[in-house]
Amino acid sequence: MTVWRPLCARTGGYAIRRPGQPALPLAVAPDEGHVKATAVTHDKRDGNQLYVHQALFGWHGWSLAAPPPGRTLGPDDRPTVPAPEVSPVFPLDTTFRPVKGSLPALRYGRTYRLRARLCDLAGNGLGPGADTPEGTASAPVTYRRWEPVPPPALVPRWPFLEGESEPRLVIRSTVHDDGTPMPPDVWAALRNGEVPDHRAESPVDGLDRRYRAWDERHVSPPKTPLQTAEQHGMYDTVFGPGKADLVRRRYYAAASREAGSYLDTVVSLPENPDVTTDLKLLGEIKVAKHDVHDPEPPTELPVARGDGLRPGEYVVHRGAQLLLPYLPDVLARGVSLRGLPGAPPNATYDFPGPWPQARPLRLKIVEGDGPPVWSGLLERELTVRLPKATVATVRMSCRLDPADLPLFRAWELLTASKVWNDPDPVTGLPQEKRDELTAAAAHGENWMLTPWVELTLVHAVEKPLAPPELGSLDFSRAEGQTFAPLSGNLRSHARSTGRVDIDATWQEWTDDVAQDAPERVDRHERVGHFTLEPFENGRFFADFRHEFRDTLHRAVTYTPTATTRFREYFHPAITDRTELITRTGPPSTGPDGHGWHVPSSRRPEPPDVSHLVPTVRWEQTVDHERHRVTRTRRHAGFRVHLRRPWYSSGDGELLAVVLDPAPDGTGPGDPGAVAPLPDELVSRCATDPVWADPTAPPRLTAANFPGAVLTADGRVLAEPVGGGTASASVAAFAPEYDRELRLWACDIDVDLGPAAGATAYFPYLRLALARYQPHSVDPLHLSKVVTADFLQLLPDRTVTATMTATGAVRLELGGPVASNALGRRVGSGQAAMAASRRVLATVERRAVGSGDLDWAGTGTVLELTCVPKGSTFVWSGDLTPPTPQLLPLSEYRLVVEEHEVYATDGATATGTVTPAGGGTAVPVGRRLVHADRFALAVTPLGRIVLRE
């Protein structure tokens, strides 16, 4: 303790002021005022309990008995010189000021002790110079700063565009659809001509609102009150005797900057307040509007002290170097930026110059990679490079001098704590940790000393940098569901993608029987969307529900469309154009490339069979060397005609031939062998009992139906068998629509195998048919079984016509044959076979240019003879063509017909056959079972020959 200084010493001015009379001053020596304690209170329940506030007085650096100098706020909220009224009853006018040189200076970092002296009502008591007995003064108290250093101030240089604000800096660019990057300057030049409200001179405030390839803010030190600067001792050099008037005048001019703000149009230099700059005259300060369509003109600068701008307005400083208009915080030595792209964890940049000459800097963002670039002392520009689709959050606070940390009361609380001063390395802080915390606090990382604000640096891209892509999908549909739960994986560029929409497209048949034909229609539906976090480049989803409102199967193509994460940073004229802000990924078409199969969740309806007809295939070969033409009719199977509608289970519905289950390799009598299903549920094959056909009919399997689109085993039947479920094999065929018949038609090829197929004569087949949906929820693939009528397969026939050297046509007909009961009555072997059928060859003619119904016989007819050939029989003979007719010009053909001969009654008989051994002739009839034709030609020499 150096010396005690009174806080209540005062020099009073006293005068008697009566209305209408001159003031009468009173001479009174300097004295001391006093501090009166607050009133004592007591408890209503106990009058002996008295209560007094624990604080008797507080000292803020000025006298406790005299008011501080300066003006006060008057009734009109304007600064005014205080002039208290004088009571006419007791017209004593008093003024007080501290005794010169009596008050100590209140400064951060200095240590003080306080004592109180009692006085009576008349002011009698110990004087200021009285000794202080030990224990009657307070403990030493070091005055420290509680207030933290605010973060630096941000001032815009340009009007804010979409999504921008003081702490949010934005640049913009995009990529082409092929992924080629477009730099911000090219993008800005392209969009400025397309987007409204982005002119070089905006009509609302005259400011340049064009998109730019960069964005920037002025960063200036925080403002401080004059009292805080004074308590830091910044004006101690101008106090006291012997100071020049120029120094004092400059002090007052500099101190007046306390009221400065960035609305000031005339700013003085902090190092020389006599030098001013007119920012309005230079065009470096403007009032900007948030709403470019605001009809009100902007506020005219300058504004009166205490007034501000209207709502929706803000000020921009367009100069390259910002002039500081106010007193900066004494302890703000620079700016600390944490999280700056490409920079160290904590990058600091100074506010140079002795106080109050702290100079602001400019923070600028451009496209690129790498560390920030500091332009140096003159430009004071910090350029930060941002890659596309980057959002960087930067904490900005003020940097402190480590030597200034003890000035903070919060730092004292930390460094005086038990943990800080504990020497035990286990329970206390080691020295390296204390050094680390001290350095971090000086670099602006202690919230209690230097609170920060968060800057957001954005490189917004107009569309995602990469298209989204769907991975494998799964549909866990249950029986009867009208929707399909959809799960799978999505890959995207999440930093640039904020949302991904999933669109579904497919084609499906609508078979309305009221229409002439079924129609293939295109469908499109928005399934749903994802909102992605910036780190979700790969996302598994299992919460999608594609609602179809029916149970049908569809082959669906799912296409993801990504929307930019940065929509709020672009004008609505851009975001309203979907092609500018989205990228469509490749369609996901499933493993087979035809779409993802969403299974049917219900059994198909049974097929409605109209009728069946046999089908054949015709083949012809020509041997020019031998002058031979061979024509073959091979059995194909059956054409099944089905009534509409089709596709009861959705797209891909097939007609299935239901067969016995595939054999499991065990013998028929072995335990566990697969038993045949009931006849009414599966297809069956048998020989015609009318004919002596030794062929053993096969047990039909999928191999007997070679033209099937697909085959499958283990398909569960809709009908129960033996009180439980049963499975069958199927051979499935695709129907096609017959517009002429207005029916669906399905060609079912049948091959009985090399043994049965080579000998079977008109075998019977009874098909068991069902609708089959291969893409269905197990076990709902098959409809109920429908059995078709019995139908016979046509036997294969081969007819060979060969020109002989004599000009005759040698004919031979062969194929599977069998004798009937009539033949067996005639005899056996060749005789029986010859009696069972008759084969005729006829030459027909028609005039050139006439129709098919104009063919007529020429009278040349040959009945072919049955002869053995190997293990079977053929019919052959030589036919001599007739002489051609000269007029009219004619065309000729050779017709070969095979007729079955059977016993009948006399009324319908076309002939008779004598049984073996004689007896009564048997009346017979004929049935045409095969017909074929060969084209004939007339040579220049007037002969009819085989056309090859």
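Predicted model: local features only at pLDDT ≥ 70, side-chain atom pairs only at ≥ 80, totals over all residues.
Author: Residues are numbered from 1 along each chain as its sequence is written, and side-chain values use heavy atoms, with hydrogens and water left out.

Reader: Why are Arg17 and Asp93 called a salt bridge?

Author: The term asks for a side-chain nitrogen of Lys or Arg within 4 Å of a carboxyl oxygen of Asp or Glu. The closest N and O atoms of Arg17 and Asp93 are 2.7 Å apart, so the pair meets that rule. The pair links distant parts of the chain, 76 residues apart, with Arg17 in the loop between β1 (9–16) and β2 (24–26) and Asp93 in strand β8 (residues 92–98); helices (H or I, at least four residues) and strands (E, at least two) are DSSP runs, numbered from the N terminus.

Reader: What makes Asp93 buried or exposed?

Author: Buried means under 20% relative accessible area, exposed over 50%, and partly exposed in between, with a 1.4 Å probe and protein chains only. Asp93 has a relative accessible area of 18% and is therefore buried, whereas Arg17, at 40%, is partly exposed.

Reader: How do you know that Asp274 and Arg250 form a salt bridge?

Author: Their closest N and O atoms are 3.8 Å apart, which falls within the 4 Å cut-off, so the pair is counted. Asp274 sits in the loop between β15 (266–268) and β16 (276–278), and Arg250 in helix α3 (residues 245–255), 24 residues apart. Both ends are partly exposed, because Asp274 has a relative accessible area of 40% and Arg250 one of 31%.

Reader: What places Glu412 and Arg409 about one turn of the helix apart?

Author: Both residues lie in helix α5 (residues 409–415), with a separation of 3 residues. At 23% relative accessibility Glu412 counts as partly exposed, and so does Arg409 at 27%.

Reader: How many salt bridges does this rule give?

Author: The count comes to 67, and Arg157, Glu216, Arg362, Glu379 and Glu381 are linked in a network of them.

Reader: Which residues have the most contacts inside the largest nonpolar core?

Author: A nonpolar core is a set of buried Ala, Val, Leu, Ile, Met, Phe, Trp, Tyr and Cys residues joined through side-chain atoms within 4.5 Å. The largest has 29 residues, and those with the most contacts inside it are Phe705, Ile748, Leu752, Leu767 and Leu769. Apart from it lies another core, of 27 residues, among them Val809, Leu813, Met833 and Val839.

Reader: Why is Arg310 called partly exposed?

Author: Its relative accessible area is 37%, which lies between the 20% and 50% limits, so Arg310 is partly exposed. Arg310 lies in the loop between β17 (285–289) and β18 (313–317).
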